[in-house]
Amino acid sequence: MPHIPAVRSFEESCELQTKLHHVVPGGAHTYSRGSDQYPEFMTPVLTHGHGCHVWDADGNEYIEYGMGLRSVTLGHGFRPVIEAVCSAIADGVNFSRPTTLELDAAEEFLDLIPAAEMVKFAKNGSDVTTAAVRLARAVTGRATVAACHQPFFSTDDWFIGTTEMSGGIPQSNRSTVLFEYNDLDSLASVLTTHDIACVILEAATSTTEPAAGFLEGVRRLCDKHGALLVIDEMITGFRWSEHGAQTVYGIEPDLSCWGKAMGNGFPISALAGKREFMELGGLRTDRERVFLLSTTHGPERGSLAAFRAVVREYIENDPISRMEQAGRLLAAGVKAAVDEAGLADFVQVAGRPSCLTFITRDAGRVPSQAYRTLFLQELLKRGVLGQSFVTSAAHTDRDIEQTITAVSGALPAYKLAVERGSVDGLLEGRPVAPAIRQYAAPRRIESTAGLTQTSASQ
């Protein structure tokens, strides 16, 4: 277990976070990494990691969950990946023509995905989901997108225009309509009332599995109305299966979008799909060409080498089984600790074993950001860092045992809050806030010397 000092300091991290706010809008390069997503005076700024352990600028060690926003499944500093990357970039990183590594990576990717006949690599998930939308619009001659009411698809206008953070997006660019997951009537209504270019959704989420017949129904409705089906595999790919959730659930998309775990933290994403559609972005078409993806860094050798090393690890050693086993142990241990504390109605673990989330409820059994913050605060004091319990193949049985011990130590404060009906006097700062919201709301971001010390015994 990471050592729990009598007093765990976050002073250096808080000072660094203040400096980050002065030079980086939001103080982080991803909104979900922002300081507003963690207890106010406990915002670790990390220096390095190994396996599933990370260290911050104050020297605090943590067991980390949801590593790299779920992009790291094999562990930080995983040697086979690092060695493959170092070997590749030693001979050059980026050239003016394609390399043999691009062909090797593309062929290996397509070997994994039965429904895909062509692939194009990029760097971010948003790159490829937006490319999929553009391609679908070109194929169908329609503009409107039907997106499932799920957390996130892209930083681009077509999706962000549907969220509370739609500032700067012209009304004319807001051509996406939403439908509900596991609700075929909701999708049918959208497809009937709009000319839809494509339907985009995650086949499953952290907490929700597809109902019987739902995905098959989505496929039928897309075919009936002439819309392309796009499956977002950012989270499910290489976590549900290296072949994607589409294979797990037996659904064949027209296009699919990949990223995150396919590089074990290295920046790589992919748009894959049927040849008849993907060729519109190529040179072997008589139709008007689509400016599909044209990126300077999409084919850089480091990330492609990382991807190939990840594929080898998945084929040879089955890391998904390891992360699922860790998740099952963690879910069972946390449930036992919560039951023993009498908090079964207030703290819950949900989701697929490889993609667990925790649910925090207030005294009225309503999901609560304030109670979530209290839980995060007490876990941080005990050396556990994470907005979820999403495991990796690097989480050992010992890491899981130590996490369960930390949860047990965090629950007395939570129980006291439930008994009082409030986190007042227990929460050391403001509650966390939704990452995507219309207004930032005034909040203190400066470190306060008297408040950057927390006692592990509290």
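The legends below describe close-up views of a predicted model. Local features require pLDDT of at least 70 and side-chain atom pairs pLDDT 80 or more, whereas totals for chains, interfaces and linings use all residues. Residues are numbered from 1 along each chain as its sequence is written, and side-chain values use heavy atoms, without hydrogens and water.

**View A. Packing of helices H4 and H11.** Helix H4 (residues 100-112) packs against helix H11 (residues 301-317) at an angle of about 35°, the axes being 10 Å apart. Axes are lines fitted to C-alpha atoms over the stretch in contact, with angles from 0 to 180 degrees between N-to-C directions; helices are DSSP runs (H or I) of at least four residues and strands (E) of at least two, numbered from the N terminus. Residues in contact (heavy atoms within 4.5 Å) include Leu-101, Ala-105 and Phe-109 of H4 and Leu-304, Phe-307 and Val-311 of H11.

**View B. Helix H13 and its ends.** At the helix start, a side-chain oxygen of Ser-368 lies within 3.2 Å of the backbone nitrogen of Ala-370. Just after H13, Gly-383 adopts a positive phi of about 85°.

**View C. Positive phi at Phe-238.** Phe-238, not a glycine, has a positive phi of about 65°. Phe-238 lies in the loop between strand E9 (228-232) and helix H9 (245-248) and is buried, with a relative accessible area of 1%.

Technical notes. Polar contact = N/O pair within 3.5 Å; in protein donor to acceptor, adjacent residues only side chain to side chain. Buried < 20%, exposed > 50% of the residue type's maximum accessible area, 1.4 Å probe, protein only.
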